[in-house]
Amino acid sequence: MTNQKQVELTLHATGYCTHPEWITMRGGSVRSIRIPAGFARIVHPEHGTILFDTGYAARFFDAASRFPYSIYRRVTPVVHDPSEGAAMLLKRQFNLDAGEVNLIILSHFHADHVAGLCDFPNARFIYLPEAYEAVRGLRGLAAVRAGFLPDLMPEDFGFRSSPVPPSARVPLPEGWPFPDDGYDLLGDGSLIGVDVSGHATGQMGLLLSTAEHEYFLCADAAWSGQAIRENRPPHPLAGLIMPDRRQYLQTFTRLRLLAERFPQLRIIPSHCGEVWRMYIQRNERL
Ligand SMILES: [Zn+2]
């Protein structure tokens, strides 16, 4: 589809939360399913190790310990062992020190994506400006409603931030069913950010190529590959946590079109159980 500069990719999970399946997918069963909290490790030939989100980390439990933040834990019961946090996981699997991570690309600011940020002292943060504007300064119930736990943010977050500038705009590949441009995040065509708002304002997916395949890391624009294939968006109740359900459905429809038009493209939702079984458990290099 494109001649993108290639990177290495591995996918990882940092524990999981549980939800009844019917919330995540229309017509799902009442049984509770495990929803892994994924992040991606990208190795770029010049920029070194880059993360796409961080998943959960031990800090999540402190950040969600006091009311009203504890509501978050009640609504999404989280199972996470400290050894599953991104920093410890990268040390164990790749002997990589957290200080060596140069860049973290944030899809959005929900707690299950940013809980590990404080563990990476040298990383710069890249995200769509609208995503941070939507949560910046939120406290108390307003924060919880936005899926945001303020205590997860590094104190020097602003200082280390590089919001995606309008000048990074590039056309998406021919045939992509998204109306707006993408964003060339590193200026070399290797990582293309795509606005997949709806689940969260300014949510960003990531298009990239490895030596073997093309990937679209679509964050929480869909909960699973199955939901995309079978056209089963989440139950309207899940819309309670979304700022814009209509926009969610629009983005979801575009993902479906994308899967139809580009069957070779591997679309990877952050919380997909199939991804967990197919790639993560096998610790496959992709
Ligand atoms: Zn999420």
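Predicted model: local features only at pLDDT ≥ 70, side-chain atom pairs only at ≥ 80, totals over all residues.
Local features were taken at pLDDT of at least 70 and side-chain atom pairs only at pLDDT 80 or more, whereas totals for chains, interfaces and linings use all residues. Residues are numbered from 1 along each chain as its sequence is written, and side-chain values use heavy atoms, with hydrogens and water left out.

The zinc ion is coordinated at 2.0 to 2.3 Å by Asp112 (OD), His113 (NE2), Asp220 (OD) and His271 (NE2). Donors are N, O and S atoms within 2.8 Å of the metal (3.2 Å for Na, K and Ca); water is not among the atoms, so sites may look incomplete. The angles among the four donor atoms run from 84 to 166 degrees, and the site is irregular. Four donors count as tetrahedral if all angles lie between 85 and 135 degrees; four count as square planar and six as octahedral if opposite donors are over 155 degrees apart and all others between 65 and 115; anything else is irregular. The donor residues follow the spacing D-H-x106-D-x50-H. Asp112 in helix H5 and Asp220 in the loop between E11 and helix H8 (225-229) are 108 residues apart. Helices (H or I, at least four residues) and strands (E, at least two) are DSSP runs, numbered from the N terminus. Asp112 is buried at 9% relative accessibility, and Asp220 is buried at 4%. Buried means under 20% relative accessible area, exposed over 50% and partly exposed in between (1.4 Å probe, protein chains only).

The structure holds 14 aromatic pairs. Rings of Phe, Tyr and Trp (its six-membered ring) pair if their centres lie within 6.5 Å; planes under 30 degrees apart count as stacked, over 60 as edge-to-face and the rest as tilted. Phe109 and Phe157 are edge-to-face, at 5.8 Å centre to centre and 80 degrees between the planes. Both residues are buried. Tyr132 and Phe157 have ring centres 4.9 Å apart and planes at 50 degrees, so this pair is tilted. Phe109, Phe125, Tyr127, Tyr132 and Phe157 form one aromatic cluster.

Six strands form an open sheet of mixed pairing in the order E7-E8-E9-E10-E11-E12. Two strands pair if DSSP finds at least two bridges between them. Strands E7 (169-170) and E12 (266-269) stand at the edges with a single partner strand each, so one side of each lacks a neighbour in the sheet. E10 (residues 204-209) and E11 (residues 214-219) pair in the antiparallel sense over four bridges.
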